[in-house]
Structures are given as C-alpha cells and as structure tokens.
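Reader: I am new to this structure. Please show it to me, then take my questions one at a time.

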Amino acid sequence: VPLIREKTPARFLFLFTALLWVSQIRDEYYLPLLFLTVYGLRLWISVRNCTDSKSSRVWNNFSTIAVLILLVASIGYLAVFKEKASEHSLSLCFGQHYATYYAKKHPEMSVSAMAEYQNVLKKSFEGRTDFFEILKNHPIYVLHYLCINGLKNSVIMVPAILRQRIFIFNPLPERKAEIAQIIFLLLLMIPGGLIIALRLRRERNIRMYISKLAEFGLDFHRLMVLIIIGSAVVVPLFLLIADTRYYSPAAPLVLIPIYFMSKASLDRLPRLFAYLSSIFFAILFCHSLFFRQETNQHLIRAMGEDWGNRMERTTTPPIIAGLFPGDIATFAFGRDFALECDNHLQPKKLLARAYNYVVINKYFRISSTWQKNKGLLEDFEANPEKYGYSSLGISKDKHQTAVYALKLKKD
C-alpha cells in the first residue's frame with residue numbers, strides 16, 4: 001500500500017527493484033516488470049513535460065538517489081552472479097502441469113505428475129521433453145492444452161481466491177462447504193454492490209467512471225499498479241493447473257472490490273452497529289486461522305532428533321529414499337544428506353535396509369514405482385518393523401506424508 005500511495009520516483013524505483021528480485025524466484029513476474037517499465041516511462045514523460053518545478057525536483061531528493069543506487073546494484077549483481085537462464089525451468093513447469101492435466105484425463109494411468117512428468121511427455125509427444133521442441137512439432141496440441149486450461153482457470157480463479165479465507169460451514173463436506181461459503185459472501189456483497197452501481201449509473205465515459213472510483217479510495221494510479229502486479233497471473237492462468245497460490249497476484253483485484261462493497265454497506269449503518277458488524281464478520285471469516293494448522297513439522301523434528309541419536313555411530317550422511325524427498329530432507333538435515341539415485345526407491349535396497357529414512361506421501365502412492373511394487377510397499381507401510389524400520393509418524397495435511405526410520409541395531 002505505501003508503494004502505490006503516491007507517484008514518486010523513489011516509490012516507483014523501489015517497486016521496480018522488488019519486482020526484479022521476485023522475478024528471479026517466479027518467472028511470471030517478468031510480465032509485471034515489463035508493464036511497470038512502460039508505465040514508469042509514461043510517468044517520467046509526464047514529469048518531463050510538466051512545467052511545475054516541484055515535479056521536476058522530486059528526482060533529485062536523497063531517497064530517489066538511494067533507491068536508484070540499490071536498483072543499479074541489483075542489476076549488476078544479477079548480471080554477474082546469476083546463473084544463465086535456461087529452458088529447463090519452462091520445460092519442467094509445462095511438463096509437470098501438462099502431466100497433471102493428462103493424468104486427470106486418463107485415471108487408469110498410474111503416474112505421479114510432479115515427479116514422473118517426463119514419462120507422460122514422452123508418451124504424448126513422440127519422446128520429446130523439451131518445451132520448445134514440443135511447441136515446434138506439436139503446436140496444435142500445446143495450443144489446445146493452453147486454451148482448455150486457461151478457460152478452466154478463468155472460471156475457478158475468483159472462487160479459488162475467496163475460499164482460502166472463508167471458513168464458516170466446517171461441518172459440511174469440503175466441496176459443499178466451499179460453495180456455501182462463497183455464496184454466503186456474495187449475498188453479503190449484494191447491498192454494497194447495488195449502492196455503488198447506483199452511484200456510478202450516470203457515468204458513461206470510462207475516464208469519468210474511473211475518476212468516480214476515487215470517492216471510494218481507488219484512483220487511476222493505484223488501479224494501474226494493482227493491474228500491473230495482477231498481470232503476473234496471466235502466465236499461470238494458461239500454463240499451470242488450478243492452484244490458489246498461482247492466483248495470489250490477482251487477489252487484490254478480487255478483494256478490493258469486496259472491501260468497497262462492504263464499506264458502502266457499512267457507511268449506511270449507525271456507527272456503533274457498523275463497528276460491531278465489522279468485528280463479527282472478521283471473526284466469522286477468520287476464526288479457523290487462530291487455531292493450529294496441520295503441517296509436517298513434527299516429522300522434520302523427529303527426523304532431526306532421530307539422526308542426532310545416530311551421529312555417534314556413523315560419519316556418513318543419512319540416505320533418504322522416496323519420490324523426490326529432498327524437500328523434507330533439506331529441512332531436517334540441511335545439505336548433509338544423500339538421496340537414492342533418480343529420487344526413487346529401489347525395492348532391493350529397501351529389503352537390504354540400505355536406507356536410513358523412507359519418505360512416503362500421497363504422490364508416491366499414485367506413482368508408477370508404487371504400482372510396480374504395490375504389494376511390498378503396502379506391506380511395508382502396514383508392518384515397518386518387519387523390514388527393520390519404525391514409523392516416525394504421518395502428517396495430517398493434504399500430502400499425507402509418512403516417514404520411516406531404520407531401527408538401531410540395539411532395537
């Protein structure tokens with residue numbers, strides 16, 4: 001909010017620097033970075049053409065110079081030290097999400113899309129796994145996927161954003177609860193929406209319409225900055241499968257209208273009643289956030305404590321097996337661990353007790369490795385002691401992660 005309150009060079013340059021760094025983590029933020037550059041040039045030209053000396057002096061203050069130095073230093077650092085961008089990230093991104101889309105269309109196929117996406121790509125695109133090679137040789141199939149995925153995500157984006165912060169009808173089944181909660185919220189917004197619509201009904205010119213929004217606290221500049229940041233959702237909208245985290249850049253564009261409609265309704269109420277209503281709905285919508293959220297932290301702590309008891313007996317790092325278990329292993333052991341080759345589990349090594357830890361989650365349970373060795377692995381989960389392992393627990397989150405530790409010889 002402070003970054004979009006005023007049109008000053010320091011705020012613009014700081015926002016540009018922030019987007020530059022964010023884009024190094026999430027590639028889709030290069031699009032808002034491009035749009036912000038264009039918008040910034042427009043603002044700069046308007047200042048250059050302005051005869052007001054005060055407008056010209058804003059480029060010469062200390063904060064502007066400091067942020068400009070920070071931006072130049074950031075660009076210099078990235079140019080020298082950042083690894084060369086490759087096509088791997090795009091191929092990985094497309095591959096994993098296309099594989100998820102393909103697996104939903106072919107439920108008979110046993111595959112963990114996030115880990116075994118290359119098998120799906122090879123099967124679908126004549127052995128090709130590189131995105132640009134696939135696009136070059138199969139443009140119609142890629143375009144079909146992007147269109148279908150984009151249409152689907154466009155429909156569910158707003159409900160997906162809203163469902164993350166509304167927890168009212170918990171006793172209902174999950175899907176019915178989400179639908180009921182969204183309908184409940186939209187019904188609450190109807191009075192405020194009608195009030196705003198009546199205020200704006202006489203405006204026919206789009207610029208007058210936008211200027212009218214300033215009465216509700218949203219001027220043209222703030223709207224432009226929100227749209228620029230929200231544009232980061234364009235690439236995930238077409239390329240990635242539905243997931244609320246990919247829609248987060250567009251969340252302000254969804255939630256701010258809700259704020260305006262709520263404010264329009266509350267302004268018509270007596271002040272005390274408006275305050276009490278605000279507190280009531282804040283608690284109603286957010287009450288579940290005050291309670292403990294299920295995670296896999298207890299598994300990470302258990303792995304660290306278990307290995308701490310073994311360190312006196314060995315100098316070699318722990319060996320972890322599973323389907324790409326590197327994430328949980330990194331949190332538990334830092335960089336001091338080894339993974340099974342190709343991030344898979346080898347049944348022979350499991351029977352030989354070659355692994356210190358075995359990590360099994362819901363993605364592993366639908367993988368081709370699991371299907372090939374279903375009997376063995378199901379029996380392993382049911383009776384880990386039979387194979388020389390003990391259970392460290394299972395997470396209650398959506399990943400359903402279970403960790404099994406190799407028993408000490410004294411056990």
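Reader: Is E126 buried or exposed?
Author: This is a predicted model, in which local features need pLDDT of at least 70, side-chain atom pairs count only at pLDDT 80 or more, and totals for chains, interfaces and linings use all residues. Residues are numbered from 1 along each chain as its sequence is written, and side-chain values use heavy atoms, with hydrogens and water left out. Buried means under 20% relative accessible area, exposed over 50%, partly exposed in between (1.4 Å probe, protein chains only). E126 has 63% relative accessibility, so E126 counts as exposed.

Reader: Which residue forms a salt bridge with E126?
Author: A salt bridge puts a side-chain nitrogen of Lys or Arg within 4 Å of a carboxyl oxygen of Asp or Glu. Here the closest N and O atoms are 3.2 Å apart. The partner of E126 is R128.

Reader: How many residues apart are R365 and E381?
Author: Their side chains meet in a salt bridge, at 3.0 Å from N to O. R365 sits in the loop between β3 (357–360) and α18 (368–372), and E381 in helix α19 (residues 374–382). Helices (H or I, at least four residues) and strands (E, at least two) are DSSP runs, numbered from the N terminus. The pair links distant parts of the chain, 16 residues apart.

Reader: How many salt bridges does the structure hold?
Author: One of them joins the side chains of D379 and K386, at 3.0 Å from N to O. K386 is exposed because its relative accessibility is 59%. The structure's count of salt bridges is 5.

Reader: What is the C-alpha to C-alpha distance between K398 and T295?
Author: K398 is in the loop between β4 (389–394) and β5 (402–406). K398 has 54% relative accessibility, so K398 counts as exposed. K398 and T295 are 103 residues apart in sequence, yet their C-alpha atoms are separated in space by 9.0 Å.

Reader: Where does L194 lie?
Author: L194 counts as exposed because its relative accessibility is 52%. The helix that holds L194 spans residues 174–200. That helix is α9.

Reader: How do the residues lining the second largest pocket divide into nonpolar, polar and charged?
Author: Ala, Val, Leu, Ile, Met, Phe, Trp, Tyr, Cys and Pro count as nonpolar, Asp, Glu, Lys and Arg as charged, and the others, Gly among them, as polar. On that basis the lining divides into 15 nonpolar, 4 polar and 3 charged.
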